[in-house]
Amino acid sequence: MSPTTLADAAAPPVLADKKKPTAGLSVSQFVLEQLKAWKVERIYGVIGDANLSLLDELGKQNAIRYVACRHESAAALMASAEAKLTGRTAVCLATSGPGVTNMLNGLADAAMDRAPVLALSGQVETAKIGTRVKQYVDQQKLNAAVAGKSELVTHADALPELMEQALVHGLLQGQVTHLSIPKDLYSVKVKGEIKSYAAHLHQPLATPDSEIAELAALLASAERPVLFIGRGVKQAAEHILQLAEQLSAAVITTLPARPLFPNDHECYAGGLGQAGSEASSVLLSESDLIVMLGATWWPDDYVPTQARIVQIDWNRETIGLGHPLHKGVVGNLGQIVPKLAAAEHLSAKDRSAWCARVHDVCTGWKRQIEAETRADGTPIPPQRVMKTIADHVSDQAIVAVDTGDHTLWFNRIFQAKAGQDILISGRWRTLGFALPAAIAAKLCYPDRQVIAVAGDGGVVQTLMEFQTAAELRLPIVLVILNNGAYAMERDRMNVAGMNLTGSALQPPDFAAIAEACGGSGYRASNSAEFEQSLRQALTGSKPALIDVRTAATPVPHAKI
């Protein structure tokens with residue numbers, strides 16, 4: 001080949017006369033086709049002036065189901081729950097102004113729990129952006145606090161790249177992404193092609209064998225090991241038990257990870273934090289090595305100071321945040337945990353004393369919990385409510401838990417089974433999460449039993465989504481622990497000697513609301529009534545709500 005000359009360099013680029021490929025689609029059509037290519041099955045949203053064209057196209061196809069919600073916050077919470085449950089990108093839709101503003105609470109839930117949610121919002125006409133026109137707000141500034149990427153589509157031809165960036169970034173980083181689309185662009189033709197989901201996006205990280213060997217040696221040297229597991233170990237759950245038994249390790253879980261380890265195992269010490277167990281606090285304080293596997297949450301008051309802490313996670317940004325760190329390992333837990341479990345020298349050290357200690361502490365804790373669950377009376381003790389739920393839900397149930405006093409009781413009492421999933425608003429802890437999450441779960445897995453557990457203070461935030469469930473004919477069950485108060489806040493105020501202003505509630509007739517929405521409503525004031533109502537609700541063919549009059553029993557360790 002002859003060397004390049006100045007004349008060659010001045011020639012037009014080799015593709016200069018080529019037109020950019022196009023799928024011949026309008027903006028509305030392109031959005032939907034791109035989502036289809038990524039196997040998106042649902043869009044949760046609320047109709048508005050700035051998204052009518054997109055809804056028009058949604059109505060002309062059957063590949064993506066539109067779920068019409070009562071409130072944009074609930075739509076975003078549904079998308080967040082779907083993303084947490086499936087690991088796939090979920091999508092929500094709002095109009096401009098108040099619509100996208102309402103959506104922020106649900107998007108914050110997704111952002112805090114690293115759930116890949118794509119938020120689509122309409123925007124005012126391009127010529128009016130930045131003016132005082134009705135329902136205009138700078139959506140990129142508005143979403144900056146929760147979205148890892150938020151872009152305004154200013155030209156139809158920018159849409160393919162912006163959508164690709166949003167989808168890829170959101171999935172790989174576990175972040176909320178957001179696109180604002182001015183309503184005058186929906187009908188404009190797009191130059192560009194649909195990009196399919198690429199296999200390399202889910203190619204696992206390969207941690208060097210030398211790192212895994214070093215980690216195995218560290219585990220083998222431990223005398224009093226503890227495994228702290230989060231929902232990130234789901235792909236390696238079957239090997240966690242093997243690893244724990246080889247190490248004679250105590251096992252502690254986050255709330256969503258409870259189904260990932262046998263709750264009746266002799267080394268299972270329960271949850272962490274105020275909603276966790278006393279056993280976990282004791283064993284953490286005595287451990288010399290704590291291994292965090294797929295967990296990122298650790299409340300400050302429960303971080304031990306004497307133990308070396310090792311953390312393994314795919315996301316290097318979360319390693320070492322909020323706690324001391326002896327060693328961090330980046331990688332795919334599905335690859336690392338089986339290799340650790342297969343290491344032959346892990347059980348070489350004599351840990352019989354630690355094994356006996358773990359057994360004694362965990363056995364004592366379980367006896368205490370069993371005693372608490374036998375409590376009865378009218379109103380019903382919350383411990384008894386949680387035990388009844390655990391006894392009657394399916395081994396494959398999805399349980400969505402709201403935020404409140406009942407969350408603490410749930411984590412303290414509920415004994416999860418291997419095939420179950422637990423959905424929570426983890427770090428954001430918004431009221432009203434459970435019902436929208438249950439709706440999304442039932443849409444994702446129609447053959448699985450789905451139950452939502454909420455308090456009377458939180459459920460009212462999204463209660464009208466019960467009508468959404470009724471319209472969709474989703475046989476979910478919503479259990480409301482009704483104690484007439486924001487109980488968590490009341491108990492903390494009591495402990496601190498504060499005035500209880502704002503903590504009392506006058507709940508509505510929840511069962512009547514359920515009936516008015518087209519579902520079934522039940523009331524229970526004692527354990528026999530609750531058990532009977534729960535049995536009936538779980539076998540019904542439409543959404544059911546159970547209003548359970550619950551005793552105002554303070555959770556242990558309540559504090560400001």
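Residues are numbered from 1 along each chain as its sequence is written. In this predicted model, local features need pLDDT of at least 70, side-chain atom pairs count only at pLDDT 80 or more, and totals for chains, interfaces and linings use all residues, while side-chain values use heavy atoms, with hydrogens and water left out.

Strands of a sheet pair through backbone hydrogen bonds, either parallel or antiparallel. The model contains an open sheet of 6 strands in the order β2-β1-β3-β4-β6-β5, with parallel pairing. Its edge strands, which pair on one side only, are β2 (65-68) and β5 (147-152). From one strand to the next, the twist averages 20°. Helices (H or I, at least four residues) and strands (E, at least two) are DSSP runs, numbered from the N terminus, and two strands pair if DSSP finds at least two bridges between them. Between β1 (residues 42-45) and β3 (residues 90-94) there are 3 bridges in the parallel sense; Ile43 has Val91 in β3 as its bridge partner. Helix α16 (residues 434-444) lies across β1 and β2 and runs at about 160° to β1. Axes are lines fitted to C-alpha atoms, for helices over the stretch in contact, and angles run from 0 to 180 degrees between N-to-C directions.

Glu82 is placed in helix α4 (residues 72-86). Its relative accessibility is 3%, so Glu82 counts as buried (buried means under 20% relative accessible area, exposed over 50%, partly exposed in between, with a 1.4 Å probe and protein chains only). Apart from neighbours within four places in sequence, the contacts of Glu82 (heavy atoms within 4.5 Å) are Arg42, Tyr44, Gly87, Thr89, Ala90, Ala440 and Cys444.

Ser285 belongs to helix α11 (residues 278-286) and counts as partly exposed because its relative accessibility is 44%. C-alpha to C-alpha, Ser285 and Ala307 are 7.9 Å apart in space, and they are 22 residues apart in sequence.

A pocket is an open set of points on a 1 Å grid over the protein atoms alone, where a 1.4 Å probe fits, with protein on both sides within 12 Å along at least five of seven lines; lining residues have an atom within 4 Å of a point. The second largest pocket is lined by 24 residues, and Asn263, Asp264, Lys366, Ile413 and Gln415 lie nearest its centre. Helices α13 (352-373), α14 (382-392) and α15 (405-413) each supply at least two residues of this lining, with the largest share, 5 residues, coming from α13.
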